[in-house]
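The sequence and structure come first.

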Amino acid sequence: MDNDVRRSFETLAIHAGQEPDATTGAVVPPIYQVSTYKQDGIGGLRGGYEYSRSANPTRTALETCLAEIEGGTRGLAFASGLAAEDALLRAVCRPGAHIVIPDDAYGGTYRLIAKVAEPWGVSFDPVPLGDIAAVRAAMRPETVLIWAETPTNPLLGIADIAALASVAHQAGALLAVDNTFASPYLQRPLALGADVVVHSTTKYIGGHSDVVGGALVTADNVLGDQLAFHQNAMGAVAGPFDAWLTLRGVKTLAVRMDRHCANAERVVGLLTAHPRVREVLYPGLPDHPGHDVAVKQMAKFGGMVSFRMGSAAEAVAVCENTKLFTLGESLGGVESLIEHPHRMTHASASGSPLEVPDDLVRLSVGIEDAGDLLRDLERALG
């Protein structure tokens with residue numbers, strides 16, 4: 001792509017990796033629903049394609065687009081966010097390695113590290129990543145990776161990406177940032193010093209609750225080759241139709257995120273003023289402990305909002321009494337969702353240092369009419 005012509009995020013999201021089809025002129029990349037490719041003689045590959053686990057033109061279009069909108073040089077698309085995480089962990093870790101993770105990480109990430117990587121010989125320490133001194137104290141000679149989420153899921157903690165990158169690199173380790181909650185429209189970790197960005201593309205990037213996927217993006221070509229080797233060797237790749245659906249979602253990411261953020265701010269206004277709500281967790285609030293860092297590294301504050309009710313029973317009641325906010329897991333779709341993390345998305349962290357409060361409610365604020373969303377929450381809160 002000619003960056004002198006197309007530099008803005010919105011334009012890259014629509015055009016990067018998506019030039020009109022050379023044969024037909026189709027303006028949308030075709031779904032190459034194919035497993036193998038004719039070779040022009042032994043080893044004579046057309047465009048580098050031989051088998052769709054290794055590469056597929058539809059997936060290539062998505063991977064190219066993801067790399068460009070994250071400011072990287074190599075994008076890799078996977079069958080799920082956890083498949084992407086697994087490939088990264090296996091690429092950079094060996095038995096005896098140590099990882100620093102957030103003390104409020106996504107439950108699936110915790111399960112993968114604690115139940116899969118740890119039995120393989122990888123140790124880890126949960127640390128409040130907003131406390132750089134605590135992160136530095138947790139580093140060991142065998143630490144190979146700091147795993148960051150910012151904002152975190154579900155407590156919406158904020159970590160200083162540039163500061164974490166400095167700590168990691170001084171120790172000879174890598175920094176991986178799960179950018180799922182922010183999306184590359186609001187935050188670009190590679191520009192702040194991160195080595196690799198992780199996504200569940202199921203969420204904001206796909207944006208329509210109709211496809212499961214994951215991605216890794218890096219600007220380091222050596223690391224990119226390592227990740228690509230593991231992607232191919234392990235095989236948990238995005239299928240052609242899934243890649244096509246995700247690429248379709250990317251095109252409207254900017255306009256959707258603007259609406260998600262605007263609606264979330266309206267919801268936060270309601271919740272902070274409501275007498276039954278004990279605490280609102282949102283990095284856009286001036287009293288949020290990570291607010292100043294969020295202002296520095298995010299364009300806006302996202303569409304995720306969490307709040308505490310004071311008791312588990314009250315939290316469950318709110319979740320069960322909304323009509324427009326759908327009770328369900330996942331996030332980042334055009335429709336608004338509500339859930340009880342303690343018993344739903346983060347149940348795997350129960351009894352661990354990452355256990356979330358049982359009075360917590362998490363909202364994924366969609367792009368419906370804001371007034372309708374506020375009325376639904378007011379009715380559920382009573």
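Buried residues (under 20% relative accessible area, with exposed over 50% and partly exposed in between, using a 1.4 Å probe and protein chains only) make up 55% of the 382 residues in the chain. The model is predicted: local features need pLDDT of at least 70, side-chain atom pairs count only at pLDDT 80 or more, and totals for chains, interfaces and linings use all residues. Residues are numbered from 1 along each chain as its sequence is written, and side-chain values use heavy atoms, with hydrogens and water left out.

The chain has 13 helices and twelve strands, which are DSSP runs numbered from the N terminus (helices H or I, at least four residues; strands E, at least two). Its radius of gyration is 21 Å, close to the 21 Å that the globule rule gives for 382 residues, so the chain is as compact as a globular protein of that length. This radius is taken over C-alpha atoms, and the globule rule is 2.2 Å times the number of residues to the power 0.38. Along the principal axes, the C-alpha atoms fill a box of roughly 70 × 50 × 35 Å. Of the contacts (heavy atoms within 4.5 Å) between residues at least 6 apart in sequence, 71% join residues at least 24 apart.

Glu149 has Asp178 in S5 as its bridge partner.

A second open sheet, of five strands, has the order S8-S9-S12-S11-S10, also with mixed pairing. Its edges are S8 and S10 (326–327), each pairing on one side only. Strand S9 (residues 304–308) is mostly covered, with five of its five residues buried. Met304, Ser306 and Arg308 point one way from S9, while Val305 and Phe307 point the other way. In a regular strand the side chains alternate between the two faces of the sheet. Arg308 stands opposite Glu279, and its bridge partner in S12 is Leu360. Val280 is bridged to Phe307 in S9.

| Strand pair | Sense | Bridges |
|---|---|---|
| S4 (residues 143–149) and S5 (residues 174–178) | parallel | five bridges |
| S8 (residues 279–281) and S9 | antiparallel | three bridges |
| S9 and S12 (residues 360–364) | antiparallel | five bridges |

Helices lie across both sheets. H10 lies across S8, S9 and S12 and runs at about 10° to S9. Axes are lines fitted to C-alpha atoms, for helices over the stretch in contact, and angles run from 0 to 180 degrees between N-to-C directions.

A nonpolar core is a set of buried Ala, Val, Leu, Ile, Met, Phe, Trp, Tyr and Cys residues joined through side-chain atoms within 4.5 Å. In the largest, of 61 residues, Leu271, Val280, Val305, Phe307 and Leu363 touch the most other members. Helix H10 (residues 253–273) gives the largest share, nine residues. Domain 1 (9–248) and domain 2 (253–381) both contribute, so this core lies between them; the bounds come from an automatic or database domain assignment. Another core, of 32 residues, lies apart from it and includes Cys93, Ile99, Ile101 and Leu227.

Technical notes: Pairing = 2+ DSSP bridges.
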